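Here is a short report on a single chain model.

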Amino acid sequence: MTLDDVLAAAGPEAGTTAADVGDALRAAGTTLVVLDDDPTGTQSVADLPVLTRWETEDLAWALGRSPALYVLTNSRSLDAAATEERTREVVRAALAAAAERGARVTFLSRSDSTLRGHFPLETDVVAEELAAAGLDRPDLVLLAPAFPDAGRITAGGTHWTREGGEMVPVGESEFARDATFGYRSSHLPAWVEEKTGGAVTADDVVVLDLATVRRGPDAVVEVLRAAPTGAVVTVDAATQVDLQVTALACLRLEGEGRTLLYRTGPAFVRARVGQDAPDVVEHVDVADRSGAGGLVVVGSHTGLTTRQRDRLVAERPGTEVVELSVPVLVDDERRAGHLDEAVARVVDALGRGDALVQTSRDLVTADDAAASLALSRSISDAVVDVVARVLAERPPRFVVAKGGITSHDVAVRGLGISRATVVGPMLPGLVSLWQPADGPAAGVPYVVFPGNVGDDDGLARVVGRLAGVAAG
């Protein structure tokens, strides 16, 4: 059976709306705490707080402001031990802050819509911390990676991604060949078995199929009620409405006292908090920094990112490209001088227009996953050093960061952001604009641009809009 056959057999969407989910959420009175493994998870929502640290005062600032808050763990750039430690810290801090405020929280582990990340480690740790706090362990773990806006859908239990206008099983995509988080399986039950090392077999996984979802939330509730306690449930979804149906069913179960734990892509968060697709941000208030251009930082190495970079440079030939050579960065004798030269070039370029900082496009990998992560961190440290020094010498009009780990490190360590508000998307459902609330970059519009979404001219459109506002 082809994907088209699966979609046709499922029937039309149910009539569930974001407003229906919002009503149920208000009745439940809970706050969704999203542990986000890189900043790109905010791309589908608007008007929600984002934290890059989890001190009590930061969580107190975010709790009660909205139906959800994001805490950026950046765990996709960490090894397993560091991910476990950080996840425990965040969950404990969130539970303590919620207890102080008399708030109820539910946890969602937001990860990549192409299945990269620390699963099942992160959801296992959340479950352990709930139990350690004397709370109920999750009755179910819902796995919902679908991100329809970006061409990632799940049907028949198989996860698909759009490549070059064609839908392919995600296990056959470039994302499945990731040096750190690679995998073979496209069928989610088999993927769960693969990632758990057989601790959870494919036969143990419950598939919430698309035909059931399209019969509406009552049908979904029946399937979830019948699922064995502690089961992993994979969620089919081909549209945002499909995700809204499942979100509404989950809220009904939570209202009955069930504890659910979520592992999802970006789109499910929007469904779970009852938001319609936010309007694309057309106007950005850019601070008046006379003579300063905008800064674009490109770290992602996907083929799509390279094409987007090329289109940006072709359409905006005045953009100065400053490349950080990875072979030089890993050479201790040459690294410092190379970074000094890069900073000087970027500062000079910002006095005349926009500047683009990129790492060299040849992908350099190490012998194993841990060494690959260490290499990535070393390269990211260099990018952060350049951004921080440029910010001190000539603050840019705006900053756009391309790539998940790049976006996190530029925000937290380069720009010093610890609290921000998601303003909304600069491309429909794909690219997130933040308004930093603190740090040396307060007031500098910051755009988080994932490395694996958008079309070839997406980066050029975002930068052009920001630069046009700045110039006008």
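## Helix α16 and the model

R465 lies in helix α16, residues 458-471. Helices (H or I, at least four residues) and strands (E, at least two) are DSSP runs, numbered from the N terminus. R465 is in contact with V280, V281, E282 and M426, leaving aside neighbours within four places in sequence. Contact means heavy atoms within 4.5 Å. R465 and V330 are 135 residues apart in sequence, and their C-alpha atoms are 36 Å apart.

This is a predicted model: local features need pLDDT of at least 70, side-chain atom pairs count only at pLDDT 80 or more, and totals for chains, interfaces and linings use all residues. Residues are numbered from 1 along each chain as its sequence is written, and side-chain values use heavy atoms, with hydrogens and water left out.

## R419 in strand β16

R419 lies in strand β16, residues 419-427. Its relative accessible area is 19%, so R419 is buried. The classes are buried (under 20% relative accessible area), exposed (over 50%) and partly exposed (in between), with a 1.4 Å probe and protein chains only.

The side chain of R419 makes a polar contact with the side chain of D58, at 2.8 Å. A polar contact is a pair of N or O atoms within 3.5 Å; within protein, one must be able to donate a hydrogen and the other to accept it, and residues adjacent in sequence count only if both atoms are side-chain atoms. Not counting residues up to four places away in sequence, R419 touches V50, L51, E57, D58, W61, P436, A437 and D438.

## Nonpolar cores

The largest nonpolar core has 104 residues. Those with the most contacts inside this core are V400, V410, L415, M426, W434, Y446 and V462. A second, separate core has 33 residues, including L51, V91, F107 and V141. A nonpolar core is a set of buried Ala, Val, Leu, Ile, Met, Phe, Trp, Tyr and Cys residues joined through side-chain atoms within 4.5 Å.

Beyond its neighbours within four places in sequence, W434 is in contact with residues including P39, L72, A411, V422 and Y446.

## Helix α15

Helix α15 (residues 404-414) is mostly covered, with eight of its eleven residues buried. The buried residues are G404, T406, S407, H408, D409, V410, A411 and G414. Their cover includes β3 (68-72), β12 (295-298), α14 (369-393), β15 (399-402), β17 (431-436) and β18 (446-449). Just after α15, G416 takes a positive phi of about 70°.

## Backbone details in loops

D47 has a positive phi of about 60° although it is not a glycine. D47 is found in the loop between β1 (30-36) and β2 (48-51). With a relative accessible area of 58%, D47 is exposed.

N74 is not a glycine either, and has a positive phi of about 55°. N74 is found in the loop between β3 and α4 (80-101). At a relative accessible area of 3%, N74 is buried.

A cis peptide bond joins F119 and P120, with omega about 10°. P120 is found in the loop between β4 (104-110) and α5.
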